[in-house]
Amino acid sequence: MCGIIGIYGNPEAATLAYLGLYAQQHRGQEGAGIVTLDGATVHRHMGQGLVSDVYPDQSALNGLEGNVAIGHTRYSTTGGIDRKNVGPLLFNVEDQPVSIAHNGNLVNLAAKRRELQKQGAIFQTTTDTEIIIHLMARAKGARLVDRVATALEQVEGAFSLLILTPEGLIAARDPYGWRPFAIGKLKDTWVLASETCALDLIGAQELRDVQPGEVLLIDDQGLQTVHQLPQRTAKHCVFEYVYFSRPDSRIFGSNVDKLRRKIGKTLADEAPAPTADIVISVPDSSNTATLGYADRSGIRHEIGLIRNHYVGRSFIRPEQKLRDLTVKLKFSTVKGVLEGKEVVIVDDSIVRGTTMRTLARLLRQAGVKKVHVRITSPPIRFPCHFGLDFPTDKELVAAHRTKEEVQAYLGVDSLEYLSLEGLLASMDLPGDQFCSACFSGKYPIALEESNSKDRFEMEFQDSEVIPDPAL
Ligand code: AMP
């Protein structure tokens, strides 16, 4: 997952992009970058870490001149946590600067990458995104936007894309519309962002979404749809509503806050906890759904957990031992609220189980009598190949365990998940317009090859092994 922002036609383009990255920090915390275009000259400032690490003060933005900018916050789903993979990526195509920011994840491309390498392509990164640039560079067409469209016809998977070129700002979205992508305007300035919360911060008015399969160009003539990729039934990521997007955003045509509350209400109908005294959320991602649960169940909503906002998402920590510690660093209990109570704790999802297992221990230490866990999504049993960093099924706690076994692993008194039917029924759009493969295993695109996050690193290392003649 990642957050992207594009600005066209503003002398403060870099500053607006920077604000857009701040609003979308939740979509990626591994790295951030901005590329601007000033006539034919390109400027870039990027680095690893949070937006505030990469742009600690105004001086980091000083050199980013130009009326056009794209920005990217990175959360890796292909290619390691490595400086070379931080977006926006920047290339020269026939002596013209071309920069690309991508939210999503491409699949079935390892063979294509090998083929391109055999033809002489020299890859600079281990991302999936770079393949689009190599395909574009080889494609025929009068304008770069035509060549981008030809390249996109050859790739599969999830992409919301911004491509900055001297011919204008190109935006494209895969035919399934997997990831959100909004277009807005601030007077004469075009603003494109993964989530509308970025438009709101900048003060831009939301106009519409980049449509699934649409390839558009913004230049001095305005916005024009240049190509339409082959139509498919939409497969929006339902997990964007469950967890990923901010509640103040509007994605896929609906307000996240509204649907998240509805999800909480449906869960209260499906999985009541009649003997509980209070309901608490795991802040911040399940706050909104918990309001829905409390409202529908009539159980008093309390704030029983306090989140330390200065610790990154525990999920992202690489080693298990560290991860346990980060959960404890991140959450503390309000003993006065919890002591002697039977508590419903609502969270949006269980991935490895680390968060809930540790929280259950913390709640007991705070004197909670009984812990009832209610999850606003079905069990996650399958990895995501389209832009969420869900681990392999070996690490997913629900992949090979029954609900009772997960409950025992968490050490809680009851555990209930929202059903897939209940989740999809809570949406405004029909259920068949969502990808819910992480719950069902039904992937809209069949995987023809491994899609591990480090697949290109592995290939790279394999091809790097040069036999030592001394051995
Ligand atoms: P875990 O501790 O591995 O069970 O992770 C569950 C927690 O991670 C939940 O509280 C979620 O809010 C959060 N989460 C769920 N999916 C993701 C994701 N793809 N990336 C980062 N965090 C996530």
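Which residue stands opposite leucine 192 in E10? Select glycine 6, and you have the residue that faces leucine 192 there.

Before going on, a word on what is loaded. This is a predicted model, where local features need pLDDT of at least 70, side-chain atom pairs count only at pLDDT 80 or more, and totals for chains, interfaces and linings use all residues. Residues are numbered from 1 along each chain as its sequence is written, and side-chain values use heavy atoms, with hydrogens and water left out.

**Stop 1: strand E10**

Select residues 189-193, which make up E10. Helices (H or I, at least four residues) and strands (E, at least two) are DSSP runs, numbered from the N terminus. Since 5 of the 5 residues here are buried, E10 is largely enclosed by the rest of the structure; buried means under 20% relative accessible area (1.4 Å probe, protein chains only). Thr189, Val191 and Ala193 lie on one side and Trp190 and Leu192 on the other, with both faces covered. In a regular strand the side chains alternate between the two faces of the sheet.

Strand E1 (residues 2-8) pairs with E10 in the antiparallel sense over 4 bridges; strands count as paired if DSSP finds at least two bridges between them. Strand E9 (residues 182-186) is also antiparallel to E10, over 5 bridges, and lysine 185 stands opposite tryptophan 190. Look at the turn of the E9-E10 hairpin: 2 residues separate the strands, and lysine 187 has a positive phi of about 50 degrees.

**Stop 2: the ligand**

Select the ligand and show what surrounds it: 15 residues, the closest being Asp347, Val351, Arg352, Gly353 and Thr355 (a residue is near if one of its heavy atoms lies within 4 Å). This shell divides into 7 nonpolar, 5 polar and 3 charged residues. Colour helix H8 (238-244) and helix H13 (354-365) too, as each supplies at least two residues of the shell.

Next, pick out ligand oxygen atoms. One is 2.7 Å from a side-chain N or O atom of aspartate 347, and an oxygen is 3.0 Å from a side-chain N or O atom of aspartate 348. For glycine 353, a backbone N or O atom lies 2.7 Å from a ligand oxygen.

**Stop 3**

Finally, select strand E22 (residues 370-375) and strand E23 (residues 414-417), which pair in the parallel sense over 4 bridges. Arginine 374 has glutamate 416 as its bridge partner in E23. Follow the chain from E22 through helix H14 (residues 403-410) to E23: this β-α-β crossover is right-handed, meaning that, with the strands pointing away from the viewer, the path from the first strand over the helix to the second runs clockwise.

Key: A polar contact is a pair of N or O atoms within 3.5 Å; within protein, one must be able to donate a hydrogen and the other to accept it, and residues adjacent in sequence count only if both atoms are side-chain atoms. Ala, Val, Leu, Ile, Met, Phe, Trp, Tyr, Cys and Pro count as nonpolar, Asp, Glu, Lys and Arg as charged, and the others, Gly among them, as polar. Buried means under 20% relative accessible area, exposed over 50%, partly exposed in between (1.4 Å probe, protein chains only).
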